[in-house]
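This briefing covers selected local features of one protein model. Please view the sequence and structure before reading the points below.

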Amino acid sequence: MYFTSRNIPGLEGLKYTQRAQIVRLALSYLSVPQKTILNIIKLILLTPIFLILAKIDSWEILIYLLIVGFCYPLITTPITLYFAKQHIAKAKAEIVESKN
């Protein structure tokens, strides 16, 4: 599991914007069923958190919302990178080719 794109083989040494562009392109290569599965997995992981937040009815919800806001990328990024990993080489080759 990769928590940042910096750790993915083939993306080491690239700037953040370059890695983000490659990951974005790799995600665009996912088939519709793969994208659906990715989004369902994210939904399954995040739904309990938001159901718990829905039961809080005081000002303390702001604290919990901030915590969830910071933790959201920690939960979803590894899953997204896992799905994108299979198309990284193709996306990187296409970006390098388009720059030449």
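The model is predicted. Helix α4 covers residues 88–99, and its buried residues are Ile-88, Ala-91 and Ile-95. Ser-5 counts as buried, whereas Trp-59 is exposed.

**Helix α4**

- Helix α4 has 12 residues, which at 1.5 Å a residue should span 16 Å. Its end C-alpha atoms lie 17 Å apart, in agreement with that expectation.
- Ile-88, Ala-91 and Ile-95 are the buried residues of α4. Viewed down the helix axis, the buried residues fall within an arc of 70°, so they line one face of α4.
- An α-helix has 3.6 residues a turn, so residues three or four places apart point the same way.
- The cover over the buried residues of α4 includes α1 and α3.
- Ala-89, Lys-90 and Glu-97 are exposed on the other side of α4.

**Ser-5**

- Ser-5 sits in the segment that precedes α1 (16–28).
- Its relative accessibility is 11%, and the cut-off for buried is under 20%, so Ser-5 counts as buried.
- Beyond its neighbours within four places in sequence, Ser-5 is in contact with Leu-11, Arg-19, Val-23 and Leu-81.

- Trp-59 belongs to the loop between α2 (32–54) and α3 (61–84).
- The relative accessible area of Trp-59 is 61%, and exposed means over 50%, so this residue is classed as exposed.
- Together with Ile-63, Tyr-64 and Ile-67, Trp-59 makes a nonpolar surface patch of about 440 Å².

Notes
Residues are numbered from 1 along each chain as its sequence is written. This is a predicted model: local features need pLDDT of at least 70, side-chain atom pairs count only at pLDDT 80 or more; totals for chains, interfaces and linings use all residues. Side-chain values use heavy atoms; hydrogens and water are left out. Patches are made of residues with over 30% relative accessible area and no salt bridge: like charges are joined within 9 Å, nonpolar side chains (Val, Leu, Ile, Met, Phe, Trp, Tyr) within 5 Å. Accessible areas come from the Shrake-Rupley method with a 1.4 Å probe; for residues, only the protein chains shown count as cover. A salt bridge is a side-chain nitrogen of Lys or Arg within 4 Å of a carboxyl oxygen of Asp or Glu. Helices (H or I, at least four residues) and strands (E, at least two) are DSSP runs, numbered from the N terminus. Buried means under 20% relative accessible area, exposed over 50%, partly exposed in between (1.4 Å probe, protein chains only). Contact means heavy atoms within 4.5 Å. The expected span of a helix is 1.5 Å times one less than its number of residues. The arc is that of the directions from the helix axis to the C-beta atoms.
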